[in-house]
Amino acid sequence: MLALAAALVIVVQDHAALRAAPRLSATELTRLWQGDVLEVRGDHAGYLKVYDHRRERGGYLRGDAARPVELSETAAPELLAVLRFLRESPGSEALGISYGAAYLKAVPPRAITAEPLGAIAQMAERLADQASGSTDHLADFAPHLEVAEQFGVRMRNFERNGGMRVCYDGELFHRVLTLPPTQPEERARAVLGLTRPDCIDPDLGPVPRASLDAERSQLLEQVKDGELSAMTRSRLHARRAGVWASIAYAQERRREPAGAAAERALAELLAVHPDDLGDDRRPEYVDAVLRVSAVRWAGAVPAPQPGPLTLNATPADPGQTCVALEDAHRPRAAAIIRRCTYGMVRMASIQAIPQGPALVLAVQPLESWRELWVFHQRAGSWTIDVLSPGLDNPEEGYVDFAGYAPGTRRLLIAREVKDRGRFRRSFEELRLDDLALVRQASRPELLRDFGRWQDVAWRRDTLALH
């Protein structure tokens, strides 16, 4: 990986023209990009005569569009200084990766530390994030991705919710972890880069996914929090929370006890100090909140239902659970209404609303997506309506039952969702009869019924008020 030859220049401008002759009016042969590496074979009239081995083409390039690189041990400190500068310069990732490759060529192997490897990996990760989005968006960054690829920096592509997710394959992050643990921050950043939830192949089956989650949890356990900055500590706690939430969901799908994993996820989330993350990293915390909220009822023991209307869950086809509303006063009668799902039915979440009458139940069909089933009467007959965190493109989200206002017959709910990369939280009053939206606000105190009728247990346990 990362091989360079001698007598080189690195292109420092995007759209730099490689021309057939050393003059502005000469034919343009191709466009060059930041980080392109060229062999110098002469100079004339302010132009460098160069050869591009990647494109197998020679030509002339303006001298101010490139910088010479000396690949010697004496030049290594200067290259490292440039690498350190470009590491924190968004938009210069391809150029930084090229300088990183030059530094690794110049420095003796015995002197290589985690810093240059971590810097190249961090810039590769940032470049992948910038390239993610629509297919058109990916095309805009294709030249920079090709520059990175010439140094062995590999990317993986996934289609997720109609968009393209580009991810760095993490090779250099793994190499950082093989070095002596003398740079805790670099090791922590490497672990964070290797455990990203958005870079998991969505088509991964349950068995390899369980193995991957176990590997992610082991990597996160390797990092000792005491030697890290406040921001990195909180990032690690947030990442651990999300990983343990995934483990809890997988355990329940396998009909294994999931309470300990769910409790660990919540404990890690509570250890996060959101103010330490800043605006740039706060989405990582909110992402963890959504994932932990989705499994909040995992492993919880259902409380007795006072009746007379009760919900009972029974297994059906393999992997399927059927929920039936029954009248305790008529034990031999057929179920009032019944519905089946392949999601995880959270029986501990059942809330009866005698004044309705109605019952609500949390159901988790996906790892980070929890819905609310509402059993209620409409036009004299019972029906089941499903409240989802968002309208379409399930990504991450949950819905909480937050209370009931008997005077106005309004159901109080809280929703939080990640939709197309953006997080939205809302508190709503719904008409129980048809679940039509009556009022909505970004904070519960802005809604009158929330102030008086919100559920005490919800206020105590919810993560929607984080």
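Analyst: Buried here means under 20% relative accessible area, exposed means over 50%, and partly exposed lies in between, with a 1.4 Å probe and protein chains only. The model is predicted, so that local features need pLDDT of at least 70 and side-chain atom pairs count only at pLDDT 80 or more, while totals for chains, interfaces and linings use all residues. Residues are numbered from 1 along each chain as its sequence is written, and side-chain values use heavy atoms, with hydrogens and water left out.

The structure holds two disulfides, a disulfide being a pair of cysteine sulfur atoms within 2.5 Å. When the bonded cysteines of the protein chain are numbered in sequence order, they pair as 1-2, 3-4.

One of the links joins Cys322 to Cys340, with an S to S distance of 1.8 Å, and because the torsion about its S-S bond is about 100°, this disulfide is right-handed. Cys322 sits in strand 11 (residues 321–327) and Cys340 in strand 12 (residues 337–341), so the pair ties together parts that are 18 residues apart in sequence; strands are DSSP runs of E with at least two residues, helices are runs of H or I with at least four, and both are numbered from the N terminus. With a relative accessible area of 1%, Cys322 is buried, whereas Cys340, at 31% relative accessibility, counts as partly exposed.

The sulfur atoms of Cys167 and Cys199 are 2.0 Å apart in their disulfide, and this link is left-handed, with -90° about the S-S bond. Cys167 belongs to strand 9 (residues 163–168) and Cys199 to the loop between helix 6 (184–194) and helix 7 (206–221), so this pair ties together parts that are 32 residues apart in sequence. Cys167 counts as buried at 1% relative accessibility, and Cys199 counts as buried at 13%.
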